[in-house]
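We'll hop from one spot to the next, and at each stop you get something to select and something to look for.

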Amino acid sequence: MAVQSRDAAIVGIYEYPRRRAPGVSVLQIKAECAARALEDAGLTWKDVDGLYDAQDGPGMAGLSLAEYFGFKPKVIDTTAVGGSSYEFHASHALRDIQRGKVKVALLTYGSTAASDARRIGTGGGMAGWGAPSPLSNMTEPWGMTLISNYAMVAHRHMYQYGTTSEQLARIAVATRAHAMRNPEAVQAMKDLEFENIREITVEDVLNSRMIADPLHLLDCCMISDGGGAVVIASREVARDTRQKPVWIIGAGEATKYVENDGDITVSAAAQSGPVAFGEAGVRPDEIDVAMIYDSFTITVLVCLEDLGFCKKGEGGQFVSEDRLHFQAKLKPALNTDGGGLSSNHPGMRGIFLLIEATRQLRGQSTSQVPDAKLAVAHGNGGQLGGNHTAGTIILARD
Amino acid sequence: MPAPRPQPRFPEPDTQPFWEATKEHRLTYQTCRTCSKVVFYPRRHCPHCGGRDLEWHDSKGFGTVYTYSVVRLNRHPAFADLGPYAVAYVDLDEGFRMLTNIVGVADPVKDVRIGMRVKVRWDDQESGISLPMFEPA
């Protein structure tokens with residue numbers, strides 16, 4: 001069995017509080033988040049020697065971001081694999097710190113998806129954009145929206161395992177309950193003009209309008225502006241930082257895509273999860289808080305199964321038991337910040353999974369799980385029913 | 001008239017032969033002469049074994065709906081006013097899975113099911129190519 005390492009820790013976090021930020025640029029959001037995350041850690045601008053970014057701003061981030069910030073990093077990593085990029089970055093930062101290349105790694109994210117009115121889920125907006133690829137030529141003509149791609153996973157899951165819309169809805173219900181306790185999430189829903197901002201029921205989800213069968217409006221995440229930054233430091237640096245360190249004890253990465261005889265109900269998490277849990281030397285049933293990328297309710301259900309919280313096909317039953325809510329009897333609590341469904345989703349939510357997991361292990365969440373010791377941050381990037389990536393990070397406090 | 005659908009764009013050498021064949025209403029796929037496995041979407045190498053000796057075939061155009069969704073909201077001008085329409089992955093009998101639309105049903109919400117048998121139906125495009133869609137077999 002692998003020996004659990006405590007070589008690198010999350011020592012600074014910041015989540016941009018606004019979900020509508022007109023007049024502010026992606027770069028400005030990143031720089032502000034970077035400064036505040038370093039402040040949170042008690043570190044300074046000049047301490048950063050590793051820069052990790054998913055290239056979501058103008059130009060080539062690897063070329064221009066250090067210059068914009070004013071850093072001279074020794075390591076630059078611009079892995080861009082969609083919403084899970086930040087779990088990949090955390091994994092790479094751990095590796096780079098273990099090799100002694102980096103002492104203070106900075107992960108940055110910024111997006112103005114809401115202000116730009118990007119129709120990420122319902123636009124087919126990428127069609128005809130950029131150079132053609134085999135994949136674009138074999139998908140774009142048929143009008144598959146991003147939501148309908150995830151919906152196809154949901155349909156097949158229902159067909160194979162008898163999963164129901166009611167079971168999926170429980171994920172949205174628990175997440176909204178957490179959002180209502182998070183003032184920034186409540187403000188987000190106001191700013192993004194949600195109707196009936198309150199706790200919701202399973203019936204509310206089922207009665208919301210169908211967007212792509214079988215996914216209803218309330219099975220889908222919001223599109224916001226936003227951003228964030230995470231500071232990851234070596235053990236030596238982490239000893240003197242302002243906050244209690246949150247150790248990265250396991251990391252896994254994976255990709256998955258459509259295969260002729262593939263099972264669409266199994267995600268890349270089935271590969272990244274065992275690697276991360278194996279490295280950490282912990283089991284899913286020990287995890288107190290699961291921060292799982294909730295682009296849609298089905299994403300969470302599939303990833304819970306693939307990470308090993310329950311058997312394949314039993315996710316519907318698993319989420320129907322007394323868990324997910326931060327005060328529930330059974331582990332794990334899910335997306336305690338309100339998630340992408342009800343708090344923050346500017347297109348690539350992965351960084352917020354790390355941020356809220358860190359809050360929980362520090363004891364700073366607005367839906368604090370008592371004595372939380374272990375958390376998982378699991379990002380999914382791309383499209384669950386097509387090309388996608390998975391990044392799994394296991395986190396522990398001292 | 002709705003705006004035209006997004007079309008495959010060229011040059012794109014992997015998929016160009018597939019789309020050329022659609023002009024003759026031929027649904028094509030490849031097999032690898034090295035490992036005998038089915039290759040789809042089309043490529044110049046075999047993603048199973050790395051082999052570079054691939055053979056083209058015509059599909060008979062019959063298959064089974066693996067999964068689907070009925071799109072109620074797509075803001076793209078080609079689809080915005082279509083009304084609900086079904087996107088699906090269809091497993092062709094020759095062993096390849098493709099994204100497509102299920103057409104030829106009265107109500108896609110009620111009339112499309114996973115596991116239903118379908119056959120290809122061509123939808124000729126102004127660009128000259130034809131889109132392989134599927135209808136109940």
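Start with the lining of the largest cavity, which by class has 6 nonpolar, 4 polar and 4 charged residues. In that sorting, Ala, Val, Leu, Ile, Met, Phe, Trp, Tyr, Cys and Pro count as nonpolar, Asp, Glu, Lys and Arg as charged, and the others, Gly among them, as polar. To get there, select Lys256(A), Tyr257(A), Val258(A), Ile264(A) and Gly385(A), which lie nearest the centre among the 14 lining residues. The space inside is about 90 Å³.

Before moving on, some housekeeping. This is a predicted model, where local features need pLDDT of at least 70 and side-chain atom pairs count only at pLDDT 80 or more, while totals for chains, interfaces and linings use all residues. Residues are numbered from 1 along each chain as its sequence is written, chains are lettered from A and ligands numbered from 1 in the order in which they are written, and side-chain values use heavy atoms, with hydrogens and water left out.

**The other cavity**

The structure holds 2 cavities of 30 Å³ or more. A cavity here is a set of points, on a 1 Å grid over the protein atoms alone, where a 1.4 Å probe fits but cannot get out; a pocket is an open set with protein on both sides within 12 Å along at least five of seven lines, and lining residues have an atom within 4 Å of a point. Grid points are joined across faces, edges and corners, and a volume is the space filled by probe spheres set on the points.

Now select Leu27(A), Lys30(A), Asp53(A), Gln55(A), Gly57(A), Pro58(A), Gly59(A), Ala61(A), Ser64(A) and Leu65(A), the lining of the second largest cavity. Its volume is about 50 Å³. Helix H1 (26–41) and helix H2 (61–69) of chain A each give two or more residues to this lining, and H2(A) has the largest share, with 3 residues. Helices (H or I, at least four residues) and strands (E, at least two) are DSSP runs, numbered from the N terminus.

Stay put and show side chains for two of those residues. Lys30(A) and Asp53(A) meet in a salt bridge, 2.9 Å from N to O; the term means a side-chain nitrogen of Lys or Arg within 4 Å of a carboxyl oxygen of Asp or Glu. The pair ties helix H1 of chain A to strand E2 (residues 50–53) of chain A, 23 residues apart. Over all chains, the whole structure has 33 salt bridges.

**Across to chain B**

How many salt bridges are there between chain B and chain A? The count is 1. Select Arg72(B) and Asp213(A): their closest N and O atoms are 2.7 Å apart. While Asp213(A) is on screen, check its peptide bond to Pro214(A), which is cis with omega near 5°. Pro214(A) sits in the loop between strand E5 (210–212) and strand E6 (215–216) of chain A.

Next, colour the interface: 45 residues of chain B are in contact (heavy atoms within 4.5 Å) with 45 residues of chain A. Together the chains bury about 3600 Å², 58% of it on carbon and sulfur atoms. Buried area is the accessible area (1.4 Å probe) that two parts lose on being put together, summed over both. In chain B, pick out Arg9(B), Tyr66(B) and Leu99(B), which lose the most area to chain A, together 20% of what that side buries.

Select Arg5(B), Leu82(B), Asp123(B), Gln125(B) and Met133(B). Of the 25 residues that line the second largest pocket, these are the closest to its centre. The pocket has a volume of about 490 Å³, and its lining divides into 15 nonpolar, 5 polar and 5 charged residues. Strand E7 (117–124) of chain B is among the elements that give two or more residues, and E7(B) provides the largest share, 4 residues.

**Last stops: backbone**

Most residues other than glycine have a negative phi, and most peptide bonds are trans. Select Phe10(B) and Pro11(B), which are joined by a cis peptide bond with omega about 10°; Pro11(B) lies in the segment before H1 of chain B. Finish at Leu324(A), where phi is positive, near 80°. Leu324(A) is in the loop between helix H12 (315–320) and strand E10 (333–334) of chain A.

Technical notes
Contact = heavy atoms within 4.5 Å.
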